[in-house]
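Hi everyone, thanks for making the time. Let me put the structure up on the screen, and then I'll walk you through the parts I looked at.

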Amino acid sequence: MTTLLVKNIHTLVTMDAARREIRDGALFIRDNVIEQVGTTSELPQTAEEMLDLEGKYVVLPGFVNTHHHFFQTLTRTVPAAQNCDLFHWLKNLYPIWANLTPEGVYISTKMAVAELILSGCTTASDHLYLYPNNCTLDDEIRAAQEIGIRFHASRGSMSVGESLGGLPPDSIVEKETAILQDSQRIIEQYHDNSRHSMLRITLAPCSPFSVSQDLMRESAAMARNYPGVRLHTHLAENETDVKYSLEKFGLIPGDYAESVGWLGEDVWHAHCVKLSDRAIAKFGKTGTGVAHCPCSNMRLASGIAPIRKMLDRNVPVGLGVDGAASNDGTNLLYEAKMAMLLARVGSCEASAMTARDVLELATLGGAKVLGRDDIGYLAPGMSADFIAINSDRPQFAGAQDRIAALVFCQAERVDYSFINGKKVVDRGQLTTVDLGQLVEKTNQMSQKMRSGSRM
Ligand code: ZN
């Protein structure tokens with residue numbers, strides 16, 4: 001048993017039911033769980049480990065990233081994919097992604113997770129949907145475990161190639177029997193549904209234009225056999241995506257999702273930029289979640305997801321940076337700012353999304369979308385996942401509201417991050433990875449991948 005006291009926090013943003021923001025706050029942690037939350041004077045004065053934040057820092061629950069494709073970190077700013085919409089962007093990237101290797105999956109996971117953690121993320125989900133050259137989800141899980149993030153790994157898949165009317169080349173799709181077999185193996189080997197779990201598994205057929213309705217139904221049936229295994233996919237990302245669903249299935253995306261059993265509290269869909277009002281109402285009623293990825297939606301000119309409407313209809317919404325080939329950053333603090341600004345410009349309504357609203361999406365919203373009741377806010381009994389940001393930086397100078405400043409100003413990175421009670425960022429530096437070496441390796445992998453050689 002070890003204890004940790006974090007004291008003299010300028011403002012402790014709890015995100016608890018009363019949304020308490022505690023001045024001169026403190027946290028008392030035993031092992032990986034928060035035991036007490038309050039003011040510095042109320043809490044124990046000592047512990048085995050102490051962190052004195054000297055009245056300068058804001059502390060928040062760690063952020064949750066609900067949509068990503070870590071492997072795309074190796075294909076940022078590919079010239080042929082810089083100025084395309086979704087389908088053309090994918091078409092130009094598939095041939096490069098076909099060169100992905102197990103080591104590429106491992107390195108890109110470390111790089112993406114390092115960036116996520118530095119920008120406030122303590123729980124991440126990832127969606128790996130192609131497995132060329134003997135890649136496995138195991139490579140990703142190993143990297144995530146080594147760096148120490150709380151992880152929701154998605155066994156993604158693609159099974160409908162060009163010859164069957166799908167978008168991806170036949171060379172990078174898998175057989176559905178093999179997908180389902182590997183999905184079962186991954187669940188049984190790794191999925192941990194216990195409280196404070198560091199690793200859970202999701203099944204995630206990629207998109208309407210790359211998998212069959214059968215695979216959607218069978219994946220859902222399999223996931224629902226295992227408590228806590230969730231379902232995730234891409235939905236209604238842009239007009240072409242909607243058109244494809246109408247032509248191929250005779251259904252708009254919301255109806256397509258319902259027809260294959262993909263509505264419910266155990267499902268979340270990425271993007272939903274073009275979700276109909278009727279579908280939004282159904283999502284709200286069924287508790288079906290949405291991963292909102294504003295930067296990617298802007299980058300690919302997909303449109304503006306109606307997030308305010310979704311929130312007003314009780315749809316669970318979390319933030320996602322999406323893959324690093326369509327963002328091309330992996331920064332959740334920046335994503336939060338973009339989510340706030342995009343909701344405003346989309347509705348021409350300055351109050352459509354406040355800084356506190358968007359911090360709520362990044363914490364409570366993400367936890368709900370991933371089906372977690374042990375993260376997302378700071379209270380006794382919750383997992384010890386929290387971040388601290390120094391308000392004395394130049395980019396916050398003159399800010400009168402230190403919490404709103406995290407979104408309105410350029411917060412960029414955290415100074416401290418604790419995940420499951422363990423310090424993973426110390427004075428702005430990652431403690432579990434050598435960032436310089438990692439950048440170098442990522443660059444080497446990226447170069448080999450683009451030039452078509454095997455890594
Ligand atoms: Zn995506």
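Before we start, a word on pairing: two strands count as paired if DSSP finds at least two bridges between them. The strands (E, at least two residues) and helices (H or I, at least four) are DSSP runs, numbered from the N terminus. Please keep in mind that this is a predicted model, where local features need pLDDT of at least 70 and side-chain atom pairs count only at pLDDT 80 or more, while totals for chains, interfaces and linings use all residues. Residues are numbered from 1 along each chain as its sequence is written, and side-chain values use heavy atoms, with hydrogens and water left out.

So, the sheet. Eight strands form an open sheet with parallel pairing, in the order E6-E7-E8-E9-E10-E11-E12-E13. At its edges sit E6 and E13, residues 317-319, each pairing on one side only. From one strand to the next, the twist averages 25°; angles here run from 0 to 180 degrees between N-to-C directions, with axes as lines fitted to C-alpha atoms, for helices over the stretch in contact.

Let's zoom in on E7, residues 121-128. How many of its residues are buried? Eight of the eight are, where buried means under 20% relative accessible area, exposed over 50%, and partly exposed in between, with a 1.4 Å probe and protein chains only. On one hand, E7 is joined to E6 (residues 63-65) by three bridges, running parallel, and phenylalanine 63 stands opposite cysteine 121. E7 also pairs with E8, residues 150-157, in the parallel sense over six bridges, with serine 125 opposite histidine 152.

E7, helix H3 (residues 137-147) and E8 together make a right-handed β-α-β unit. Right-handed means that, with the strands pointing away from the viewer, the path from the first strand over the helix to the second runs clockwise.

Now to a residue I'd like you to find: histidine 69, in the loop between E6 and helix H1 (86-97). Why does histidine 69 count as buried? Because its relative accessibility is 2%. Leaving aside neighbours within four places in sequence, histidine 69 is in contact (heavy atoms within 4.5 Å) with Asp126, His127, Tyr129, His234, Asp322, Gly323 and Ala324.

Last stop, helix H12, residues 355-369. H12 lies across E6, E10, E11, E12 and E13, running at about 115° to E13. That's my tour, so over to you.
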